[in-house]
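Me: I've got a model here and I'd like to talk through its rings, strands, core and pockets. Can you take my questions one at a time?

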Amino acid sequence: MPYSKTLSYDYLKLLGKDSQTQKIFEIFAPFIPIKISYGHKLSFEFNAMVDSGASRNLFPAVFGQQAGINIQKGKQVKLLG
């Protein structure tokens, strides 16, 4: 039987701006707190947007660099969506 645990987080309020009317509006988006660590050392924390339909997790390369990962050794792949 697969492991299952339910977690609950509030949606965070973001502000958007209509490019035609310049009006400011609120957007509520699902974010969760993330901690990045590498080599048993915590590097930093941030909020990541949840995409429940995604088949991969994507983060900017600089996050890996800041965690001490040599991203140049990684295999570069092309992603489509």
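Reply: Rings of Phe, Tyr and Trp (its six-membered ring) pair if their centres lie within 6.5 Å; planes under 30 degrees apart count as stacked, over 60 as edge-to-face and the rest as tilted. This is a predicted model, where local features need pLDDT of at least 70, side-chain atom pairs count only at pLDDT 80 or more, and totals for chains, interfaces and linings use all residues. Residues are numbered from 1 along each chain as its sequence is written, and side-chain values use heavy atoms, with hydrogens and water left out.

Me: How many aromatic pairs does the rule give, and which residues do ring pairs link into a cluster?

Reply: The count by this rule is 5 aromatic pairs. As for the cluster, ring pairs join F44, F46, F59 and F63.

Me: What kind of aromatic pair do F46 and F59 form?

Reply: Their centres are 5.6 Å apart and the planes sit at 80°. F46 is in strand β4 and F59 in the loop between β4 and α1, so the pair ties together parts 13 residues apart in sequence; helices (H or I, at least four residues) and strands (E, at least two) are DSSP runs, numbered from the N terminus. With that angle, the F46 and F59 pair is edge-to-face.

Me: Is F59 buried, partly exposed or exposed?

Reply: Buried means under 20% relative accessible area, exposed over 50%, and partly exposed in between (1.4 Å probe, protein chains only). F46, at 17%, is buried. F59 has 41% relative accessibility, so F59 counts as partly exposed.

Me: In which sense do β3 and β4 pair?

Reply: Two strands pair if DSSP finds at least two bridges between them. β3 and β4 form a hairpin with 2 residues between them, and G39 in the turn has a positive phi of about 65°. Across the strands, P33 stands opposite N47, while K35 has E45 as its bridge partner. There are 8 bridges, and the sense is antiparallel.

Me: How much space lies in the largest pocket?

Reply: On a 1 Å grid over the protein atoms alone, a pocket is an open set of points where a 1.4 Å probe fits, with protein on both sides within 12 Å along at least five of seven lines; lining residues have an atom within 4 Å of a point. Grid points are joined across faces, edges and corners, and a volume is the space filled by probe spheres set on the points. For the largest pocket that gives about 520 Å³.

Me: Which of its lining residues are closest to the centre of the largest pocket?

Reply: There are 17 residues in the lining, and helix α1 (residues 61-66) supplies the largest share, 3 residues. The closest to the centre are F59, P60, A61, G64 and I71.
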